[in-house]
Amino acid sequence: IVLLEDRAPHHYEALLRMKDGEKKMPQFEFVCFAEEVGQICEFDLAMCSKVISRMKTAAEGGEVLPVAVNISGRSIDSEDFVEKLRALLAEHPVVNGSLMFEITETARINNLDRANEAIRALRDDGFHVCLDDFGAGESAFEYLRELDVDYVKIDGKYVKDAANSAKDQAF
C-alpha cells in the first residue's frame, strides 16, 4: 500500500495465495469456505502467527516491516478468537505499532457491540484497525457507523473510474 503523494510504501498487506499443483486457488472462495465450515478463526490466527513470524525475522535484521493482515468479521465477532489473538500479540511486542488488522466483509458480524469492544481493545493495545473493501459487502455503512476503526479502505470498484466520472468523484 503506497502513499499517494510520493508513492512511498506505507505498509504491506499479507494476502493468501494457494495452489493446487500448478492451479491457483481463489482466495475469496477459500476464505468463504473456511467461514462456512467454522474454521475461519483458526485460519485467521494461523495467518496472524505467520505474519508475526515474518515481522520478527525482519526486525532481527534491523528492518521494520509494517504489515496489515485480514481478519474475518466472524473472527472479530468471536470472544475466543480475540482472547487468543491478544495473547499471541502480547507474546511478540516487536510487532506493536507495525501490525495492522483489516476487518473483511465476507461474513456478517452478528454482534457489532462485541466486535467493537474487540476493535477498541486492539486499538488500546497499540494496533490500527481498518475496514477492508468498504462498499463490497451489504453491511458497509452499518459497520462504518458502528465500528471505531482507524482507516477505511474503499473497494476498488468505487475509485476505479473516479478520475473520469463526476458521480464516482462525488461518491
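Modeller: Before we start, a word on burial: a residue counts as buried under 20% relative accessible area, as exposed over 50%, and as partly exposed in between, using a 1.4 Å probe and the protein chains only. This is a predicted model, where local features need pLDDT of at least 70 and side-chain atom pairs count only at pLDDT 80 or more, while totals for chains, interfaces and linings use all residues. Residues are numbered from 1 along each chain as its sequence is written, and side-chain values use heavy atoms, with hydrogens and water left out.

Colleague: Okay, then is Ser72 buried or exposed?

Modeller: Ser72 counts as buried, because its relative accessibility is 3%.

Colleague: And where does Ser72 sit?

Modeller: Ser72 is in the loop between β4 (67–71) and α3 (73–76), where helices (H or I, at least four residues) and strands (E, at least two) are DSSP runs numbered from the N terminus.

Colleague: Which residues does Ser72 touch?

Modeller: Leaving aside residues up to four places away in sequence, Ser72 touches Glu35, Ile40, Asp44, Thr104 and Ala107, and contact here means heavy atoms within 4.5 Å.

Colleague: New topic: how many aromatic pairs does the structure hold?

Modeller: The structure holds two aromatic pairs, where rings of Phe, Tyr and Trp (its six-membered ring) pair if their centres lie within 6.5 Å, and planes under 30 degrees apart count as stacked, over 60 as edge-to-face and the rest as tilted. In the pair formed by Phe30 and Phe43, the ring centres are 5.3 Å apart and the planes stand at 65 degrees, so this pair is edge-to-face.

Colleague: Which parts does the pair of Phe30 and Phe43 tie together?

Modeller: Phe30 belongs to helix α1 (residues 27–36) and Phe43 to helix α2 (residues 40–60), so the pair ties together parts that are 13 residues apart in sequence. Phe30 is partly exposed, with a relative accessible area of 23%, whereas Phe43 is buried, at 19%.

Colleague: What about Lys167, buried or exposed?

Modeller: Lys167 counts as exposed, at 71% relative accessibility, and its place is in helix α8 (residues 166–170). Arg7 is exposed too, with a relative accessible area of 55%, and Arg7 lies in the segment before β1 (12–14). Phi of Arg7 is near 65 degrees, which is a positive value in a residue other than glycine.

Colleague: Stepping back, how many helices and strands does the protein chain have?

Modeller: The protein chain has eight helices and seven strands. Its radius of gyration is 17 Å, close to the 16 Å that the globule rule gives for 171 residues, so the chain is as compact as a globular protein of that length; that radius is taken over C-alpha atoms, and the rule is 2.2 Å times the number of residues to the power 0.38. Of the 171 residues, 41% count as buried.
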